[in-house]
Amino acid sequence: MRSVKTETHLSDGRLRLYRMAAVCLGVLCVLQVTLNISLRLAFYNRGNVTAENDQLQTSYNTLTEERDQLQTSYNTLTEKRDQLQTSYNILTKKGDQLQTSYNTLTKERGQLQTSYNTLTKERDKLQTSYNALTKARDQLQTSYNTLTKERDKQKRENNDLMAKFSNLKQTYPEGWQIKLESSWYFLSTVKKPWRESRQDCLQRGADLVIVNSDKEQEFLFGLTKGAWIGLTDSVTEGTWKWVDGTPLTTPSYWYTQQPDNGGDNPANGEEDCVELNTETWRPAKAWNDQSCLHNRYWICEKVV
Ligand SMILES: [Ca+2]
Ligand SMILES: [Ca+2]
Ligand SMILES: [Ca+2]
């Protein structure tokens, strides 16, 4: 009996031990499972973190590289900016110099414009003067040509008269060798004062010549002798009368500024008698009032 009881008692203890072992084993299993799960989770998380870290590292590296590239670009751009700034400063300086030159040139251009305007005005004045002088010269040339023609004509007429005179010399009586239209003329070969000259003409049945026309004046002038003519203001100063008593009317042939009655020069004395002065070359201006006491050739005229 007792052995049975002891054997029973040992069986309960073993059972209890078995149970505890089973329980422990179960707990251990649970723990093992839990541990495995935890570890797996841990490893899993750790793997994820590592991958993220790798990605981050890669991104970091990429960003670092890009940053370096940007830094390089930034440095390059900064350098170029500085170069551009330098160029800009140089260009600005040159621009200022050009502006100064432009201002100077503008000022000089204004001065040149003023000078040009002044010279243009002076040129126009000179042109006007030149035109006036040219016109005056042309007028003088025309006058000269006209006078030359008159002189040549007069020379021809004188030559014709001298030719006639030469032909007539042998035709008419001694002393009265020249004839024009209805008058004969006597030319003295000596010089005497006016009154003695007239006396000679009176003794020849004639008188000092009276000039009645341009033709007669030109004829007498062509005789080429300065001589007394029959004109005087000895009766009334300034009132000219011919020797036949007729007053002097046109035509008259006074030389320039004559008669002047001596020109207020006492050395000349009164000038009351008229000489035909052939020193002038124009018959229209051949008379001069002269002192009657001077000796001159004379011309007598006899109207037939
Ligand atoms: Ca006459
Ligand atoms: Ca007089
Ligand atoms: Ca005079």
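This is a predicted model: local features need pLDDT of at least 70, side-chain atom pairs count only at pLDDT 80 or more; totals for chains, interfaces and linings use all residues.
Trainee: How many helices and strands does the chain have, and what makes a run count as one?

Mentor: Helices are DSSP runs of H or I with at least four residues, and strands are runs of E with at least two, numbered from the N terminus. The chain has three helices and eight strands. Their order from the N terminus is α-β-β-α-β-α-β-β-β-β-β.

Trainee: Which atoms coordinate the calcium ion (ligand 1), and what makes them donors?

Mentor: Donors are N, O and S atoms within 2.8 Å of the metal, or 3.2 Å for Na, K and Ca; water is not among the atoms, so sites may look incomplete. The calcium ion (ligand 1) is coordinated at 2.1 to 2.8 Å by Ile-210 (O), Asn-212 (OD1), Glu-216 (OE), Glu-216 (OE), Glu-301 (OE) and Glu-301 (OE). Glu-216 belongs to helix 3 (residues 214-221) and Glu-301 to strand 8 (residues 297-303), so this pair ties together parts that are 85 residues apart in sequence.

Trainee: Why is the arrangement around the calcium ion (ligand 1) called irregular?

Mentor: Six donors count as octahedral if opposite donors are over 155 degrees apart and all others between 65 and 115; four count as square planar under those limits, or as tetrahedral if all angles lie between 85 and 135 degrees, and anything else is irregular. The six donor atoms here subtend angles of 49 to 142 degrees, and the arrangement is therefore irregular.

Trainee: Which residues supply the protein donors of the calcium ion (ligand 2)?

Mentor: They are Asp-233 (OD), Asp-233 (OD), Glu-237 (OE), Glu-237 (OE), Asn-261 (OD1), Glu-271 (O) and Asp-272 (OD), at 2.3 to 2.9 Å from the ion. Within this set, Glu-237, in the loop between strand 4 (227-232) and strand 5 (241-242), and Asp-272, in the loop between strand 5 and strand 6 (273-276), are 35 residues apart and link distant parts of the chain.

Trainee: Why does Glu-237 count as partly exposed, and why does Asp-272 count as buried?

Mentor: Buried means under 20% relative accessible area, exposed means over 50%, and partly exposed lies in between (1.4 Å probe, protein chains only). Glu-237 has 43% relative accessibility and therefore counts as partly exposed. Asp-272 has 13%, so it counts as buried.

Trainee: Why is the disulfide of Cys-201 and Cys-300 left-handed, and why is that of Cys-273 and Cys-292 right-handed?

Mentor: The S-S torsion of Cys-201 and Cys-300 is about -85 degrees, so this disulfide is left-handed. For Cys-273 and Cys-292 the torsion is about 95 degrees, so that disulfide is right-handed. Counted along the chain, the bonded cysteines follow the pattern 1-4, 2-3.

Trainee: Are these cysteines buried or exposed?

Mentor: Cys-201 counts as buried at 0% relative accessibility, and Cys-300 is buried at 0%. Cys-273 counts as buried at 1%, and Cys-292 is buried at 12%.

Trainee: Why is strand 2 described as largely enclosed?

Mentor: Four of the five residues of strand 2 (residues 183-187) are buried, so the rest of the structure largely encloses this strand.

Trainee: What makes strand 2 a partner of strand 1 (residues 178-180) and of strand 8?

Mentor: Two strands pair if DSSP finds at least two bridges between them. Strand 1 and strand 2 pair in the antiparallel sense over three bridges, and five bridges join strand 2 to strand 8, also antiparallel. Ser-183 stands opposite Val-303 in strand 8.

Technical notes
Residues are numbered from 1 along each chain as its sequence is written. Chains are lettered from A and ligands numbered from 1 in the order in which they are written. Side-chain values use heavy atoms; hydrogens and water are left out. A disulfide is a pair of cysteine sulfur atoms within 2.5 Å.
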